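Student: Could you take me through the helix packing in this model, with a close look at how the helices meet and how one of them is covered? I would like it as one connected account.

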Amino acid sequence: MGSDVNKYKPKNNIRVVTATSLFDGHDASINIIRRLLQDTGVEVIHLGHNRSGEEFSTVGNTGFEVDRLRPDNKYAVANMITAVELARAKDNDRLAGLQSSLKRKIKDRRVPVIGITGTGGAGKSSLTDELILRLLHDLKDANVAILCSDPSRRKTGGALLGDRIRMNAIMNPRVYMRSFATRQSNAEVTEALADAINVVKAAGYDLVIAETAGIGQGDSKITDMVDVAMYVMTSEFGAASQLEKIDMLDYADLIVVNKYEKRGGEDAVRDVRKQVQRNSSQWEKSVEEMPVFGTIASKFNDDGVTGLYHALLDAIAENTGVKFESNLQRVNVKTSSSKTIIIPPDRTRYLAEIAKTVRDYHHDTEKQASVVRRIWHLRESIAALQKGLSEDDSAIGIESLEKELAASENHLAVETVKLLEQWDQVRDIYARDELVYNVRDQEIKVPLYSESLSHQKIPKIALPKFTDPGENYRWMRRENLPGHFPFTGGVFPLKREDEEPTRMFAGEGDAFKTNQRFKLLSSNYEAKRLSTAFDSVTLYGYDPEVRPDIYGKIGNSGVSICTLDDVKVLYDGFDLCAPNTSVSMTINGPAPIMLAMFLNTAIDQQVDKYLAESGTKPTDAKYCEIRDIVLKSVRGTIQADILKEDQGQNTCIFSIEFALKMMGDIQQFFIDKDVRNFYSVSISGYHIAEAGANPITQLALTLSNGFTYVEYYLSRGMDIDRFAPNLSYFFSNGMDPEYTVIGRVARRIWSVAMRDKYGASPRSQMLKYHIQTSGRSLHSQDIQFNDIRTTLQALCAIYDDCNSLHTNAFDEAITTPSEESVRRALAIQLIINREWGLAKNENPLQGSFIVEELTDLVEEAVLTEFDRIAERGGVLGAMETGYQRGQIQDESIYYEVLKHTGKLPIVGVNTFRDPDAGGLNFDETMSCLELSRSTEEEKQSQLKRLAGFRRRNEKKAPEALEKLQKTVLSGENIFGELMDTVRCCSLGQITQALYDVGGRYRRNM
């Protein structure tokens, strides 16, 4: 927008709700829109993702009647608060009348009011939410009202009312929440707050929480309106002398140092206690008795917050005489006793260490290459002298050279000598007609040549023809043959001939419909490589229901799955334990639940097979035997990457800490049960790219997430060689030049770090990854051109030796793909793999000057990004400040601006546009596209099947859910228990049970 645009300034106070559905790239657009609105003076209530309109109590037609005020009539409450707001703003006689009516309705009823204030960024909303969660769980009949103030901007009058996005408890019917803009730039609370408090008191709420904007140190105004005042701060207050400037340390009944796990948390609590003791002259008491608490609001079920909660109830009783009888067990702490940190403090520099490890590796390579070359030169010189001159003439010169040679040879590393000795053997092996190698004790024989129509022998692996041993050494250290460290050219010596890397991607409607699509896609393939897309209801852990914001999404843009019965239908007809069957599931938040359903499906398939063959049910011992065999045999991938969900795709449902705990439990279960053929996580860059990241950022953030999982699993005591082989990656291939080398760079960084920093085995050094062509590069304009883009992206992926590949259908720019468009997308891979001549060679990128240059450029850019993230406390530290999300959004906007201005040419979109677009040709093209939507029949079928499953298990489910919750609270392996829970409980039931004990995800702005 240019500076000459005249922005409309509303005459009245306008509020707008901004929200977005899930998926990639919406963050940038919704943030732009809300900022534009704020710049015009609008007060924006920002919900974030996947929030129901049910939580809103908008102004309706109930009128401004005090008698209608009740906790179960939130519309009347909302109307009355608006009425007093307007009356105060207009300064008319109506305000006095409303105030009088409210006081008559309140009578002498005492309703405690808690005031929560503090500095911005201290975590007031998170702490408030945690206290409310405890109140609701503990006080079964209490109704709570929350009144939150956010500052208005002095320049524009706009405001961001962002508290809702941080609160999960407000969706409870016993909670009412109202967000206010201060409408004064220097105020902590709105002028209407006192009247709003009286409204909710009159409505019958049992407790009122008023939260201030928190824009400075002088927050004491709130104390005039409340019974109990709480001040929330962090350890980042500067020098201890700064505490003397904080008024609230004189007035607050309770003081909280939140984010207690951060560096300096313990010291901050000690200093604040001393200051409170000085301010109040309570010298007869110890500093530990001061009402100062250390909490970790971001940690669900934090005992520091629980201690604060009980102190809050005590303060209410003391200040108001209102006693709430608590059944929640008291804790004898004022600070969090467990600072459970995913990455230990002494390991937060892990990414910087990895960057140094890779750079040192390349530095050593260049040094050793120079030594090898010098030795070669010396040997050649000695040989030349010996051949061309007489013994007497050359003796002195040769002796001098031999001394220099011996000195140089002393500088050769042991590994260098071994590599040089191997080179002649390698050339001899690859000159043969057939390569023989072993994978998991199985001998594999693969031809090394194919024959062209011109009867030429085309090598599958082309070797360099250097004569300089220094160049040979350098090439082996930086590139090497596929299947050899550092795996730049690929992790396996040759591709499998019995299984192409094609993934058969499907997900729409109900399980029956998607099962039919799977069978269609795989009908001509011996290998069944199924890839599953789930609808947003499933991705967010809900069960199908008639609620409007859920019902419309059932079975759209993915398959609806909510029970073990659904999963059995979904994969019916596929032997999940067959060596040529592999199943990928694109799901993250509820991934542990879906994985448990899948593994149980595979187990039940084999149990049914045993029953059919033997005629009897298996004994308990036989069942355990079958179960163990299944777990060791089943092949596939579950995405389950919660870090990229927070950074890009937005389908987080559990807190990051809790989600990581479950990820670790899955991997521990895999180790205990020897699950070797299934990937416990697909560390995904695809959704980071789809959200707007450029290829370098995609790769850097994805690898940094992967190394974070490595550090976390190591901190749990797992052996790196027991979990690293269960990690896989997932990248996007777009149109930028850097995508050509994304796999090469990833493999090299991973292998060097795993070997030289972590001491991992060769199997752990192999980075295996899936590629999906870029959905972002698909356009609805000239839609038929999309197949061209997808073909080029697929060619890059195959040249770069990806381990599996999904090619997008051209109509995905508009709808879920049709059968015909999917068939065309599969044909792209088939034609490249089976017809394209150069693809007969398996290392076509090696030896290219530009590819090597790109590889080095991208690698160094990734390592530099590692350094940046390390400076922010590692991946998790950077996530707290929104670093990754901000980076993605900035790059998304940059791309869109270039596309919009035409500086980035996109054929058919901003250049070479169809002159008849919108005319007959366009209509003909669009008429061929069928908008895929789930039918009423499919939606109703899911509701009926779910109801039947719940009826069948209504006696078992409560006990199973309680047992699951006890497992969570005791710290035992959650996934091991989920394997039993899913047999009688639905996805939504399990999700809610885990919310109650593990904590729901709390989104950042």
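Tutor: Happy to! Let's start with helix α11 (residues 414-430) and helix α12 (residues 469-478), which pack with their axes 10 Å apart and at an angle of about 105 degrees. Axes here are lines fitted to C-alpha atoms, for helices over the stretch in contact, and angles run from 0 to 180 degrees between N-to-C directions. Helices (H or I, at least four residues) and strands (E, at least two) are DSSP runs, numbered from the N terminus. This is a predicted model, in which local features need pLDDT of at least 70 and side-chain atom pairs count only at pLDDT 80 or more, while totals for chains, interfaces and linings use all residues. Residues are numbered from 1 along each chain as its sequence is written, and side-chain values use heavy atoms, with hydrogens and water left out.

α11 and α12 are therefore roughly perpendicular to each other (under 35 degrees counts as roughly parallel, over 145 as roughly antiparallel, 65 to 115 as roughly perpendicular and the rest as oblique). From α11, E415, T416, L419, L420, Q422 and W423 meet P469, N472, Y473, W475, M476 and R477 of α12 (contact means heavy atoms within 4.5 Å). The residues of this contact divide into 7 nonpolar, 3 polar and 2 charged; Ala, Val, Leu, Ile, Met, Phe, Trp, Tyr, Cys and Pro count as nonpolar, Asp, Glu, Lys and Arg as charged, and the others, Gly among them, as polar.

Now look at another pair. Helix α19 (residues 642-649) and helix α29 (residues 883-901) have axes that come within 8 Å and cross at roughly 45 degrees, and α19 and α29 are therefore oblique to each other. In α19, E645, D646, Q647 and G648 meet Q884, R885 and I888 in α29. That contact of α19 with α29 divides into 1 nonpolar, 3 polar and 3 charged residues.

Next comes the covered helix, α34 (residues 987-998). From first C-alpha to last, its 12 residues reach 15 Å, close to the 16 Å expected at 1.5 Å a residue (the expected span is 1.5 Å times one less than the number of residues). α34 is mostly covered, with 9 of its 12 residues buried (under 20% relative accessible area; exposed is over 50%, partly exposed in between; 1.4 Å probe, protein chains only). Among the buried residues of α34 are L987, I990, L994 and Y995. What covers the buried residues of α34 includes α14 (536-539), α17 (591-614), α20 (656-673), α32 (957-970) and α33 (974-981). Just after α34, G999 takes a positive phi of about 95 degrees.
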